[in-house]
Amino acid sequence: MDYVSFIPSVTTYPWIFLFVYDYWVLLFICKFVWKCKRSLQLSFYNKNLSSNHLDIGVGSGWYLKHCMLPSNIYRIALADLHISPLKFATNRLLSRFDNSTKMPKIELIQKNILSEDTASDQLNKFDSISMFFLLHCIPGSMKEKANIVFPKLKELLTESGVIYGTTVLGNIIKKENNAPSLAYRLCTYLNNNGIMCNWNDDIDSLKQAAISAGFHIDVTIIGYTAMFELRRSDVENE
Ligand SMILES: C[S@@+](CC[C@H](N)C(=O)[O-])C[C@H]1O[C@@H](n2cnc3c(N)ncnc32)[C@H](O)[C@@H]1O
């Protein structure tokens, strides 16, 4: 598959959508359809957030607006395929700082995470990299996409760093629901329209891709959402 030319979310995040995203996707759909409340995801975001952080697939920037920034934070990079989420999320992040608060260095990266040069030009590595609700947007099977994304992100990670994120697993929706259910219907609609690509995503292929890329992986499933943390297995972390 030509990953770069098949970009499902090209038309999905115009400004108007970003304005309603927090309520429609993160409040309503997360809670009632994917059954993993945004407050739980925010706690998970906070748990691994470091003072040298990269957020990939920023969307509306809700996490960046509401997370607990470490007091010693000195660098935050925002990465996205599209300029509108990047600008939207950056404005929300900037609104947290005034003259009295020390501003971290903010870097913007407009890039397809699947493209060849994603890692090569980012010389300073990150201690934490978040990718919330990103994998399920990326085309291909879990094995195909994670086998591209995880090794790339490993190049951007410090030795003791963590990559963490959430993704909706279509395979669990299929197992636990029948066709008329809301989760089944929404997942079908989003997959048929190229907005999500996760019908066959399952926990085993997520774990396998992480292990093949040289990570230890911890996964918690809440509702239909996997919350995962990856740490390098070739380094002994304290
Ligand atoms: C579902 S939103 C998630 C937003 C946010 N992380 C959240 O959890 O609410 C997915 C985001 O990933 C971006 N995205 C999708 N495919 C991407 C890719 N291949 N490379 C970089 N960003 C991508 C989209 O533009 C969008 O901002």
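Val 219 stands opposite Phe 228 in strand 7. This is a predicted model: local features need pLDDT of at least 70, side-chain atom pairs count only at pLDDT 80 or more, and totals for chains, interfaces and linings use all residues. Residues are numbered from 1 along each chain as its sequence is written.

Strand 6 (residues 215-222) pairs with strand 7 in the antiparallel sense over 8 bridges. Pairing here requires that DSSP finds at least two bridges between two strands. Helices (H or I, at least four residues) and strands (E, at least two) are DSSP runs, numbered from the N terminus. The hairpin of strand 6 and strand 7 has 2 residues between the strands, and Gly 223 takes a positive phi near 60° there. Strand 7 (residues 225-232) also runs antiparallel to strand 5 (residues 157-168), joined by 7 bridges. Val 162 has Arg 231 of strand 7 as its bridge partner.

Strand 1 (residues 52-56) is mostly covered, with 5 of its 5 residues buried. A residue is buried if 20 or more other C-beta atoms lie within 10 Å of its own, exposed if 12 or fewer, and partly exposed in between; C-beta atoms are placed from the backbone. In a regular strand the side chains alternate between the two faces of the sheet. In strand 1 both faces are covered: Asn 52, Leu 54 and Ile 56 are buried on one side, His 53 and Asp 55 on the other.

Strand 1 runs parallel to strand 2 (residues 75-80), and 5 bridges join them. Asp 55 stands opposite Leu 78 in strand 2. Strand 1 also pairs with strand 4 in the parallel sense, over 3 bridges. The bridge partner of His 53 in strand 4 is Ser 128.

Helix 8 (residues 203-212) has Leu 206, Ala 209 and Ala 210 buried. These residues cover an arc of only 100° around the axis, so they lie on the same side of helix 8. The arc is that of the directions from the helix axis to the C-beta atoms. Helix 5 (142-155), strand 6 and strand 7 are among the elements that cover the buried residues of helix 8. Just after helix 8, Gly 214 takes a positive phi of about 90°.

In helix 7 (residues 182-192), the buried residues are Ala 183, Cys 187 and Leu 190. They cover an arc of only 70° around the axis, which puts them on the same side of helix 7. Tyr 189 and Asn 192 are exposed on the other side. The buried residues of helix 7 pack against helix 1 and helix 6 (170-176).

## The nonpolar core

The largest nonpolar core holds 65 residues; Ile 129, Leu 134, Phe 150, Ile 163, Ala 210 and Leu 230 touch the most other members. Helix 1 gives the most to this core, with 6 residues. Such a core is a set of buried Ala, Val, Leu, Ile, Met, Phe, Trp, Tyr and Cys residues joined through C-beta atoms within 7 Å.

Not counting residues up to four places away in sequence, Ile 129 touches Leu 54, Ile 56, Leu 153, Leu 156, Leu 157, Gly 161 and Ile 163. Contact means that the C-beta atoms of two residues, placed from the backbone, lie within 7 Å.

## The ligand shell

The ligand is surrounded by 19 residues, and the closest are Gly 57, Gly 59, Ile 113, Phe 132 and Phe 133. A residue counts as near if its C-beta atom, placed from the backbone, lies within 6 Å of the molecule. The shell divides into 13 nonpolar, 5 polar and 1 charged. Ala, Val, Leu, Ile, Met, Phe, Trp, Tyr, Cys and Pro count as nonpolar, Asp, Glu, Lys and Arg as charged, and the others, Gly among them, as polar.

Most residues other than glycine have a negative phi. Phe 133 has a positive phi of about 50° although it is not a glycine. Phe 133 lies in the loop between strand 4 (126-132) and helix 5. Phe 133 is buried, with 20 other C-beta atoms within 10 Å.

Lys 35 is not a glycine either, yet has a positive phi of about 60°. Its place is in the loop between helix 1 (15-33) and helix 2 (38-48). Lys 35 counts as partly exposed because it has 17 C-beta neighbours inside 10 Å.
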